[in-house]
Structure formats: structure tokens, C-alpha cells
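Colleague: Before we look at the labels used for this model, could you take me through them slowly and set each value against its definition?

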Amino acid sequence: MVNELSVDWRYGAAYFEQTLIDYDVAINWGNWQYIAGVGADPRGGRHFNIDKQTQLYDELGHYRRQWLREHNTERSL
């Protein structure tokens, strides 16, 4: 949201605060600040590498098939 959509990080943090069942204030807000380049370590330019994370944690595509519409349509063919 922060990098790809240029959404203020606080909107993402607030949304996760309301949505996550395992919500932790320090982890949530700290991670959003880290990615946005604000807070205790204000270096900018951090980017969540979706392709790298996909290769590491969803190599077989289970998560994508569960949650992404374009992958669900592929499964039903």
C-alpha cells in the first residue's frame, strides 16, 4: 500500500488494527513505520519485494489460489 499505491502508512496500520486476529500494537505500527521510512529508523527506500516473498513463502501458490481472484479462476478451469 505504501510503495505501490502511495497510501499513507497510517491507513494500513489502522486497517490491520481492526482486521488482524493476532494484532499486536508495537509490531503492527512498527512494521508500517519501517516500510514507510518514518519513526525510529527513518531511512526511506524500503520496499516489500512481492516476488521474493512469493518464492520464499508461497512457492506452490496455495495462498494465491486461496485469496486472489485471478488465481481462483485458473483453478476452476
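Modeller: Let us begin with His47, which is found in the loop between H2 and H3, where helices are DSSP runs of H or I with at least four residues, strands are runs of E with at least two, and both are numbered from the N terminus. This is a predicted model, in which local features need pLDDT of at least 70, side-chain atom pairs count only at pLDDT 80 or more, and totals for chains, interfaces and linings use all residues. Residues are numbered from 1 along each chain as its sequence is written, and side-chain values use heavy atoms, with hydrogens and water left out.

Colleague: Which residues is His47 in contact with, leaving aside its neighbours within four places in sequence?

Modeller: They are Asn3 and Glu4, where contact means heavy atoms within 4.5 Å. His47 and Asn3 are 44 residues apart in sequence, while their C-alpha atoms are 6.7 Å apart in space.

Colleague: Why is the pair of Trp9 and Trp29 called edge-to-face?

Modeller: A search of the whole structure finds three aromatic pairs. Rings of Phe, Tyr and Trp (its six-membered ring) pair if their centres lie within 6.5 Å, and planes under 30 degrees apart count as stacked, over 60 as edge-to-face and the rest as tilted. The ring centres of Trp9 and Trp29 are 5.5 Å apart and the planes stand at 85°, so this pair is edge-to-face. The pair links distant parts of the chain, since Trp9 lies in helix H1 (residues 9-19) and Trp29 in helix H2, 20 residues apart.

Colleague: What makes Trp9 buried or exposed?

Modeller: Buried means under 20% relative accessible area, exposed means over 50%, and partly exposed lies in between (1.4 Å probe, protein chains only). Trp9 has a relative accessible area of 13%, so Trp9 is buried, whereas Trp29, with 26%, is partly exposed.

Colleague: How do you know that Phe16 and Trp32 form an edge-to-face pair?

Modeller: Their ring centres are 5.3 Å apart and their planes are at 85°, so the pair is edge-to-face. Phe16 in helix H1 and Trp32 in helix H2 are 16 residues apart, and this pair too links distant parts of the chain. With 29% relative accessibility Phe16 counts as partly exposed, while Trp32, with 12%, counts as buried.

Colleague: Which residues form one aromatic cluster?

Modeller: That cluster is formed by Tyr15, Phe16 and Trp32.
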